[in-house]
Amino acid sequence: MGSDDLEVAAGMLVPLVGLDLVLGFVNTRSVLGSPDHLEDVESMRVWMVERHLIEPGTLISDSDVATAREIRGALAVLLLAHVNAHERDDQAIDHAEEYLARAGALHPVAPLIGVHSSRWTPIQTGVAGFFGTLLATAAQTASTSEWRRLKACNNHACYTGFLDKTKNSSALYCSTGCSSQVASRAYRKRHTAGSSLAAAAQKDA
């Protein structure tokens, strides 16, 4: 049962790759001046319609936007935990997992099993149905080895979701640009600290 078999709300059957759906949703947030695609009802509608996730006339409420942002935040917490296990926030992870469990219960999906294939289909329609599809896709991806390769960039100014394609799954950043940014900040911090210590030593001399 592939993730491309997941049926989207409003009766539309759209080929979806689990990794792309989860990463695409997490990356709707504003990063380095880019727009937040879940900022309000209209921005969320545009993002979803452009990706054929809902019909153009599907009703979206402020509550739907709030739910989308909560799901996005919870997924981002889990992806960030895949980057650096030594610095992860266990309390934030617990809260994210609990929220996603509640969201999954509120947006259930049902299995459709046939002779040659099977798929999950949302019980609800509209945006609620999409939430069910998204969560089912994330859960299905989490049951594979690729889940640990879904990460959030360890550059605190970025946090973009990305797929780690390194052989040993050791990537910390979404790009060389972010890696350089973090290295530059660390250098400046060390340089500032060193200058302060030198100044203090001269003062005490």
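**Figure 1. Overview of the fold.** Of the contacts in the protein with a separation of 6 or more, 56% come from residues 24 or more positions apart; a contact means heavy atoms within 4.5 Å. The model is predicted, so that local features need pLDDT of at least 70 and side-chain atom pairs count only at pLDDT 80 or more, while totals for chains, interfaces and linings use all residues. Residues are numbered from 1 along each chain as its sequence is written, and side-chain values use heavy atoms, with hydrogens and water left out. The protein has six helices and four strands, in the order α-α-α-α-β-β-α-β-β-α from the N terminus on. Helices (H or I, at least four residues) and strands (E, at least two) are DSSP runs, numbered from the N terminus. Of the 205 residues, 39% are buried. Buried means under 20% relative accessible area, exposed over 50%, and partly exposed in between (1.4 Å probe, protein chains only).

**Figure 2. The nonpolar cores.** A nonpolar core is a set of buried Ala, Val, Leu, Ile, Met, Phe, Trp, Tyr and Cys residues joined through side-chain atoms within 4.5 Å. The largest one has 37 residues, and Phe25, Met44, Ile71, Leu100 and Phe130 have the most contacts inside it. Helix H1 (18-26), H2, H3, H4, H5 and E3 each give two or more residues to this core. With nine residues, H3 gives the most. A second, separate core has six residues, among them Val31, Cys158, Phe162 and Cys178.

**Figure 3. Helix H2 and the residue His52 just after it.** At the start of H2, the backbone nitrogen of Glu42 has a side-chain oxygen of Asp40 within 3.4 Å. The buried residues in H2 are Val41, Ser43, Met44, Arg45, Trp47 and Met48. Their cover includes H1, H3 and H5. His52 is in the loop between helix H2 (41-50) and H3. Although His52 is not a glycine, its phi is positive, at about 60°. Most residues other than glycine have a negative phi.

Figure 4. Helix H4 (residues 90-106) has 17 residues, which at 1.5 Å a residue should span 24 Å; the C-alpha atoms at its ends are 24 Å apart, which agrees. The expected span is 1.5 Å times one less than the number of residues. Ile93, Ala96, Tyr99, Leu100 and Ala103 are buried in H4. An α-helix has 3.6 residues a turn, so residues three or four places apart point the same way. Helix H3 (62-81) and helix H5 (126-142) are among the elements that cover the buried residues. At the start of H4, a side-chain oxygen of Asp89 comes within 3.1 Å of the backbone nitrogen of Gln91.

**Figure 5. The hairpin of strands E1 and E2.** Strand E1 (residues 109-113) pairs with strand E2 (residues 118-122) in the antiparallel sense, over five bridges. Two strands pair if DSSP finds at least two bridges between them. Four residues form the hairpin that joins E1 to E2. Leu112 has Arg119 in E2 as its bridge partner.

**Figure 6. Asp164 and its contacts.** Is Asp164 buried or exposed? Asp164 has a relative accessible area of 2%, so it counts as buried. Asp164 lies in the loop between strand E4 (161-163) and helix H6 (176-204). Its side chain makes polar contacts with the side chains of Thr166 (2.6 Å) and Ser169 (3.5 Å). A polar contact is a pair of N or O atoms within 3.5 Å; within protein, one must be able to donate a hydrogen and the other to accept it, and residues adjacent in sequence count only if both atoms are side-chain atoms. Leaving out residues up to four places away in sequence, Asp164 touches Arg149, Lys151, Ser169, Ser170 and Ala171.

**Figure 7. Tyr159 in its loop.** Tyr159 is in the loop between strand E3 (150-152) and E4. Its phi is positive, near 60°, in a residue other than glycine. Tyr159 counts as partly exposed because its relative accessibility is 26%.
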